[in-house]
Structures are given as structure tokens and as C-alpha cells.
Amino acid sequence: MEDAITLCRLGLRDLEHCEEDHTRGALELALQVSLGPALMAVKGYAASEVATVYHRVLELCDQLQDPRPLLPALFGLWTFHCVRAQHAMAASLAQRMVTLAEDHDDQDCRVQAYLARGITRFFQGDGLG
């Protein structure tokens, strides 16, 4: 995972010298999506770098109008906030994942989204009865 972090960061650094266009954005998006889980594995789920990466992924998804990496980015941010016991933010992200999964009628995403929402509710002491 250390090597993955190094390679992703080298790729991101090299992209700084490229012209701002859709291709550059798509390449950055791919590198950021790969960097997030590697950082989680090495630095921990609550490392501030994790949130920075996933916020950037969300920005790039909006810029490129590419919804595919949204769920992994939202789940990464949800994990970050959940581990930091920032449950209100985690609940908001979990609900956004549920909405995304239902809007796209994606069963796999729905499972992940409902899992996140259920875990968040458990930590908040909600829905236990």
C-alpha cells in the first residue's frame, strides 16, 4: 500500500504539468479513487488525508459529470466521519448514499448504503427498538 500511495502521488504530481481538460480530470479522478483506500490502509480511516482525497473525488465527479466513483467516495467519507464519531455528518453521507443507490436502482450500491445507514443509526442509538 505504501507503493500504491507513492505511485498515485507521483501520477498526481505529473498531472500538474498537463493541460486542464477532460482527460486530465479523468486521470486525476482515477488516481484519487485509488489513493483513498491505500491511505486508509496505511494512515488509518480517520486520517485527514483520507477526507481530503474523497472530497476531491466528489469535486471531480461534479466537474466531469461522472457519477460512478460517487458511492466509493461517499463511503470513504462516511467511514472517515463514522470512525471520528462525527455521527451527524456520517448520517448525512449515509442518506446521500441511499438516495444515490435508489435513484440508480443499483442493488449492490443499495446494500452498501443501507449498511452505512444502519451502522450510523446504531452508533447514534437510533432504531434499536
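Contact is taken here to mean heavy atoms within 4.5 Å, and in this predicted model the buried residues of helix H3 pack, in that sense, against helix H2 (22-43), helix H4 (70-83) and helix H5 (87-103). The residues of H3 that are buried comprise Val50, Ala51, Val53, Tyr54, Val57, Leu58, Leu60, Cys61 and Leu64. Residues three or four places apart in an α-helix point the same way, because such a helix has 3.6 residues a turn. The length of H3, which runs over residues 48-64, agrees with expectation, since its 17 residues should span 24 Å at 1.5 Å a residue and its end C-alpha atoms are 25 Å apart. Just after H3, Gln65 adopts a positive phi of about 55°.

Helix H2, with 22 residues, extends 30 Å from its first C-alpha to its last, which is close to the 32 Å expected at 1.5 Å a residue. Its buried residues are Arg24, Gly25, Glu28, Leu29, Gln32, Leu35, Gly36, Ala38, Leu39 and Met40, and the elements that cover them include helix H1 (2-15), H3 and H4. Arg24, a residue of helix H2, counts as buried because its relative accessibility is 11%, a value that falls under the 20% cut-off. When residues up to four places away in sequence are not counted, Arg24 touches Leu15, Glu16, Cys18 and Glu19.

On the side of helix H1, Ile5 is found within that helix and is buried, its relative accessible area being 5%. With neighbours within four places in sequence left aside, the contacts of Ile5 are with Leu35, Ala38, Leu39 and Val42; of these, Leu35, Ala38 and Leu39 are listed among the buried residues of H2. Ile5 and Arg96, which are 91 residues apart in sequence, are 28 Å apart in space from C-alpha to C-alpha.

Helix H4 has 14 residues and reaches 20 Å from its first C-alpha to its last, close to the 20 Å expected at 1.5 Å a residue. Eleven of these 14 residues are buried, so H4 is largely enclosed by the rest of the structure. The buried residues in question are Leu70, Leu71, Ala73, Leu74, Gly76, Leu77, Trp78, Thr79, Phe80, His81 and Cys82, and what covers them includes H2, H3, H5 and H6. H4 is followed by Ala85, for which phi is positive and near 60°.

The packing of H4 on helix H6 (residues 107-124) brings the two axes within 11 Å, with a crossing angle of roughly 15°. Because angles under 35 degrees count as roughly parallel, H4 is described as roughly parallel to H6. The crossing of these two helices is left-handed. On the H4 side, the contact is made by Leu71, Phe75, Trp78 and Cys82, and on the H6 side by Cys109, Gln112, Ala116, Ile119, Thr120 and Phe123. Classified by residue type, this contact of H4 with H6 contains eight nonpolar and two polar residues, and no charged residues.

Helix H6 also packs on H5, where the axes come within 8 Å and cross at roughly 155°. An angle over 145 degrees counts as roughly antiparallel, so H5 is roughly antiparallel to H6. The crossing of H5 with H6 is left-handed. From H5, the contact draws on His87, Ala88, Ala90, Ala91, Ala94, Gln95, Met97, Val98, Ala101 and Glu102, and from H6 on Cys109, Arg110, Ala113, Tyr114, Ala116, Arg117, Thr120, Phe123 and Gln124. By class, the contact of H5 with H6 comprises twelve nonpolar, four polar and three charged residues.

The loop between H5 and H6 contains His104, a residue that is partly exposed, with a relative accessible area of 49%.

Notes: Residues numbered from 1 in each chain as written. Predicted model: local features only at pLDDT ≥ 70, side-chain atom pairs only at ≥ 80, totals over all residues. Heavy atoms only, no water. Helix = DSSP H or I, 4+ residues; strand = E, 2+ residues; numbered from the N terminus. Expected span 1.5 Å × (residues − 1). Buried < 20%, exposed > 50% of the residue type's maximum accessible area, 1.4 Å probe, protein only. Axes fitted to C-alpha atoms, helices over the stretch in contact; angles between N-to-C directions. Parallel < 35°, antiparallel > 145°, perpendicular 65-115°, else oblique. Left-handed = near helix turned anticlockwise from the far one by under 90°. Nonpolar A, V, L, I, M, F, W, Y, C, P; charged D, E, K, R; others polar.
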